[in-house]
Amino acid sequence: MEKRSKHLPLLFTSSDWNFDDLSRAYDAIREIAVNELRLDFYPNQIEVISSEQMLDAYSSIGMPLMYQHWSFGKHFVHESNLYRKGRMGLAYELVINSNPCITYLMEENTMALQTLVIAHASFGHNHFFKNNYLFQQWTDAGAILPYMEFAKSFIARCEERYSPAAVEAVLDAAHALMPQAVFRYRRRPRLSVERERARIRERLEHEERTFSDLWRTLPQAAEAEAPREVQTDMSERQSAIEYPEENLLYFLEKNSPVLKPWQREILRIVRVIAQYFYPQRQTKVMNEGCATFVHYTIMNSLYDKGQISEGTMLEVLQNHSNVVFQPHFDDPRYGGLNPYTLGFNMMRDIQRICTEPTAEDRDWFPDFAGNGDWCGTLLDAWATHRDESFIRQFLSPALIRDMRLFSLQEESSDPYYEVMAIHDERGYERVRSSLANSYDVGMTQPDIQAVDADLKGDRKLRIKHTVHNGATLVEETRNETIRYIQRLWGHEVSLVGVDAQTDKVLYEVSSKELGEKA
């Protein structure tokens, strides 16, 4: 490591941290983040927690306020046992997309590591949360924590009033449907805790005013004698309820014939949480790449200014290397591309293309190659892309070669893989396109939609799964989820799988059949 002339005093001299050292390090990092990287971020709230508190945060999906559910305790016990046996490590930090942005630091971290994770989370992730278009479109950082406080207290009141078992049954079904509980194309409504409380109060008061035990004494056969005129065709019913509907929890909340107001509100709470995490599913590479690039740049700047020692920088580089470690394809540890590695490498490559482009770079990236403003180019990319579009637009041939990327083709009927493209002149476009597609949630998440429900007839709910590339649902979990939907709908539910290319029906199953088999 080169000798440097020290222009500024060291921020800290010991591996043990204290709050004065944390404050000095935060101020120095903030100065670089604002003046050199031009980052724009929410106000920061930094809290130091123990390993057990970190495990607790893991189990409740990383939220500082969360309602109670048995699955969170199960996750806590499982991960706690793995951690204590040395079979699982804990993250150095946990960061919440909120305003202010909350960062949890592990108290076991050294001072060097605390400095790194402040740069990584409090400025890298924080900037990405505030500026990326997906988070701006789908989340409200200023309202999420008050809303979670409201959700926690509402579910606790429901447990007191209707019993924990009744609430748990609704939550179990809602959690099973969380992957299918997001709007992919509509703008989410702004959260307002006061509006939520007023709406809940109106729902519950209406339920109390209109409830009468005499209704149970009325003959149930009268429904079957409804005149033929009420039987409308599918197109009319679809027009009335706006079929198809991709957000199954939303559909059940609004249209279930059997749910009570408090049950509908629990479905709403679960789908709001699912929608909150929706942008994170689409920006893992960019979000982690941005935070890793920011911490790497800031820590090197601190070292160049003489504010951290060589020993500190060696520890930082060791931890950084652990984060971006990428096993080879034939390594037993390989589990896919490390999002930290891919994101960080792409952002370093963009920095190179902006400052030292080759002729190949100018051919592939004429809009920004050699522009000299790598910071502005990255800020624009962080704000306007998700993983799929970022890879499709910015992955360079040079990086494809460096990472030795290649594309495989797999058919379920074949006993082998076929290499379709490698890192050469003919394969660059195909490798980049294949990798981008693998991060497109539209291609990787099952396309399942509610397509019909005759609310004035048999009340059977019909759900359609459009099967792409032969990827069908796992039978055991599929059948269990259908039972959960039936519990929320109250009547028969059928699911049909249709091939996207041929419209051929691949499978069909109904809750009625599953009930008979059980």
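## A helix on the inside

Let's start with helix α16 (residues 374-384): 8 of its 11 residues are buried, so the rest of the structure largely encloses this helix. Buried here means under 20% relative accessible area, while exposed means over 50% and partly exposed lies in between (1.4 Å probe, protein chains only). Helices (H or I, at least four residues) and strands (E, at least two) are DSSP runs, numbered from the N terminus. The buried residues of α16 are W374, C375, G376, T377, L378, L379, A381 and W382. Their cover includes α4 (111-131), α12, α14 (339-355) and α17 (387-394).

Two of these covering helices deserve a visit. Q114 is found in α4 and counts as buried because its relative accessibility is 0%. Leaving aside residues up to four places away in sequence, Q114 touches W17, L22, L105, M106, E107 and N109, where a contact means heavy atoms within 4.5 Å. N300 belongs to helix α12 (residues 284-304) and is partly exposed, with a relative accessible area of 23%.

## The model and the whole chain

Please keep in mind that this is a predicted model, in which local features need pLDDT of at least 70 and side-chain atom pairs count only at pLDDT 80 or more, while totals for chains, interfaces and linings use all residues. Residues are numbered from 1 along each chain as its sequence is written, and side-chain values use heavy atoms, with hydrogens and water left out.

The chain has 22 helices and 9 strands. Of its 518 residues, 49% are buried. Among contacts with a separation of 6 or more, 74% come from residues 24 or more positions apart. The chain exposes about 26,500 Å², and carbon and sulfur atoms supply 49% of that area; accessible areas come from the Shrake-Rupley method with a 1.4 Å probe, and for residues only the protein chains shown count as cover.

## Aromatic pairs

The structure holds 22 aromatic pairs. Rings of Phe, Tyr and Trp (its six-membered ring) pair if their centres lie within 6.5 Å; planes under 30 degrees apart count as stacked, over 60 as edge-to-face and the rest as tilted. One of the pairs is Y162 with W262, stacked at 4.3 Å centre to centre with 10° between the planes. This pair joins distant parts of the chain, with Y162 in helix α6 (residues 144-162) and W262 in helix α11 (residues 261-282), 100 residues apart. Y162 is partly exposed at 23% relative accessibility, whereas W262 is buried at 3%.

F251 and W489 are also stacked, at 5.7 Å centre to centre and 25° between the planes. F251 is buried, with 3% relative accessible area, and W489 is buried at 0%. Elsewhere, ring pairs link F365, F368, F390 and F394 into a cluster.

## Salt bridges

How many salt bridges does a search of the whole structure find? The search finds 19, each being a side-chain nitrogen of Lys or Arg within 4 Å of a carboxyl oxygen of Asp or Glu. R24 and D21 form one of them, at 2.1 Å, N to O. Both lie in helix α1 (residues 19-35), 3 residues apart, about one turn of the helix. An α-helix has 3.6 residues a turn, so residues three or four places apart point the same way. R24 is partly exposed at 40%, while D21 is buried at 8%.

K130 pairs with D40, the closest N and O atoms being 3.0 Å apart. K130 lies in helix α4 and D40 in the loop between α1 and β1 (44-49), so this bridge ties together parts 90 residues apart in sequence. E253 and R271 meet at 2.6 Å, N to O, and tie together parts of the chain 18 residues apart, since E253 lies in helix α10 and R271 in helix α11. E253 is buried at 1%, and R271 is buried at 8%. Salt bridges that share partners also join R386, E388, R392 and D440 into one network.
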